[in-house]
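Work through the exercises below with the sequence and the coordinates at hand. Each task is followed by a solution in steps.

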Amino acid sequence: MKAAVFEEGRSDLVIQDVEVGAVGPNEVLIRTVAAGLCHSDLNHLNGVFDIPRPSVLGHESAGVVLEVGSEVVDFEPGDHVITCLATFCGHCERCLAGRSYLCESPMSLRDPSDAPRLSRDGQEMHQFLNVSSFAEMLLVHERAVVRIDKRMPLDLAALIGCGVTTGLGAVFNKAKVQPGQSVVVLGCGGIGLSAIQGARIAGASEIIAVDLNADKLGVAKTLGATATLAPDPDRDLAEQIKELAKGEIDHALEAVGVASTATAALECLGVGGVATIIGLMPAGRTFPVQGRLLLDDRRIQGAYMGAQNFRLAMPRYVEMYLDGRLLLEEMVSSRIELEDVNIGFDSMRKGEALRDLIIFDQQN
Ligand SMILES: [Zn+2]
Ligand SMILES: [Zn+2]
């Protein structure tokens with residue numbers, strides 16, 4: 001099959017032939033229909049995080065089940081599915097405590113003594129985040145998959161595989177935005193725009209979208225923002241947000257992963273406000289916090305993968321799309337072929353892209 005391979009010593013992807021292994025007892029083989037380009041992929045391309053190479057990147061995808069392993073009972077060929085990197089074992093302490101999205105069990109990985117899922121000329125290829133979406137087929141553990149309603153368009157379903165779930169879940173499960181509250185979202189990429197939609201669905205009365213890109217702010221308005229701010233970089237960001245807000249801000253969701261926006265997320269809050277940091281910061285990165293602000297019941301918290309089990313959450317988000325509450329087409333900036341994956345990442349580097357979707361050839 002064709003796949004976009006991340007080679008040692010390169011910062012772009014190369015389209016190559018990659019072999020898929022035989023389906024293991026607890027595995028599912030999927031024909032990829034669509035895969036989204038996510039910022040985490042770009043961070044790896046840019047060398048912010050290190051992974052073994054050669055590797056097939058991509059982790060936000062949807063497709064149709066082709067084959068299931070001998071032990072698999074939850075899926076059958078023909079099922080429409082979304083993949084997710086947040087595999088869960090179901091019996092570790094984190095899973096039992098309701099944090100299956102942070103499960104660290106290696107059960108979804110193949111034993112190192114077994115043949116790899118992906119290979120090239122007999123050489124093992126690293127499977128990125130247990131998924132490797134930039135490929136015509138996905139061979140994954142069954143706990144990396146959720147079945148969805150067949151009425152859901154599979155190209156848009158791919159978006160739910162990471163960005164949408166991360167943004168919506170942060171609002172519903174971590175921030176727990178209440179009807180009538182005021183929310184500011186810093187950063188209007190795929191995750192920020194999803195957080196804006198989450199705030200709208202949760203009934204927030206004021207939703208302020210912050211981004212430097214005017215086009216993204218336009219989309220943010222379509223998706224539910226009640227006000228937008230393209231901040232003046234020479235002025236204090238939190239002050240500019242507070243000037244725009246009607247009253248005190250209850251929730252700030254940071255979807256950039258940068259120190260200055262994380263600091264502003266706390267500093268713009270009213271008494272009792274909560275800053276939820278969704279943006280991915282590299283290990284070791286810190287940001288300044290005015291300790292005094294925490295005394296007035298303000299809080300800072302993180303939210304990973306929407307802080308929920310994806311098997312529960314994703315079908316609900318599919319339902320929200322089908323009943324018209326969740327808008328997905330509006331988040332797609334372009335549909336591209338696998339061969340154009342590097343062009344997609346270039347536009348993400350420039351901060352232009354919302355969500356670019358790779359659409360795979362339906363003949364394969
Ligand atoms: Zn992602
Ligand atoms: Zn677990």
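Donors are N, O and S atoms within 2.8 Å of the metal. The model is predicted.

**Exercise 1.** Find which residues coordinate the zinc ion (ligand 2), and give their spacing in sequence.

Solution.
1. Apply the cut-off of 2.8 Å to the N, O and S atoms around the metal.
2. The SG atoms of C89, C92, C95 and C103 coordinate the zinc ion (ligand 2), at 2.3 to 2.4 Å.
3. Written as a pattern, these donor residues give C-x2-C-x2-C-x7-C.

**Exercise 2.** Assign the geometry of the site of the zinc ion (ligand 2) from the angles among its donor atoms.

Solution.
1. The site has four donor atoms, and the angles among them are 106 to 114°.
2. Four donors count as tetrahedral if all angles lie between 85 and 135 degrees.
3. The site of the zinc ion (ligand 2) is therefore tetrahedral.

**Exercise 3.** State how the chain is divided into domains, and describe the contact between domain 1 and domain 2.

Solution.
1. Domain 1 comprises 2–147 + 328–359, and domain 2 comprises 167–303.
2. Between the C-alpha centres of the two domains the distance is 29 Å.
3. Domain 1 gives eleven residues to the contact and domain 2 gives twelve residues.
4. About 920 Å² is buried between domain 1 and domain 2, with 70% of it on carbon and sulfur atoms.
5. On the side of domain 1 that touches domain 2, five residues are nonpolar, three are polar and three are charged.
6. Between the domains there are zero salt bridges, and two residue pairs are in polar contact.

Conventions
Residues numbered from 1 in each chain as written. Chains lettered and ligands numbered in written order. Predicted model: local features only at pLDDT ≥ 70, side-chain atom pairs only at ≥ 80, totals over all residues. Heavy atoms only, no water. Domains from an automatic or database assignment. Contact = heavy atoms within 4.5 Å. Buried area = accessible area lost by both parts, 1.4 Å probe. Salt bridge = Lys/Arg side-chain N within 4 Å of Asp/Glu carboxyl O. Polar contact = N/O pair within 3.5 Å; in protein donor to acceptor, adjacent residues only side chain to side chain. Nonpolar A, V, L, I, M, F, W, Y, C, P; charged D, E, K, R; others polar. Donors = N, O, S within 2.8 Å, 3.2 Å for Na, K, Ca; no water. Tetrahedral: all angles 85-135°; square planar, octahedral: opposite > 155°, others 65-115°.
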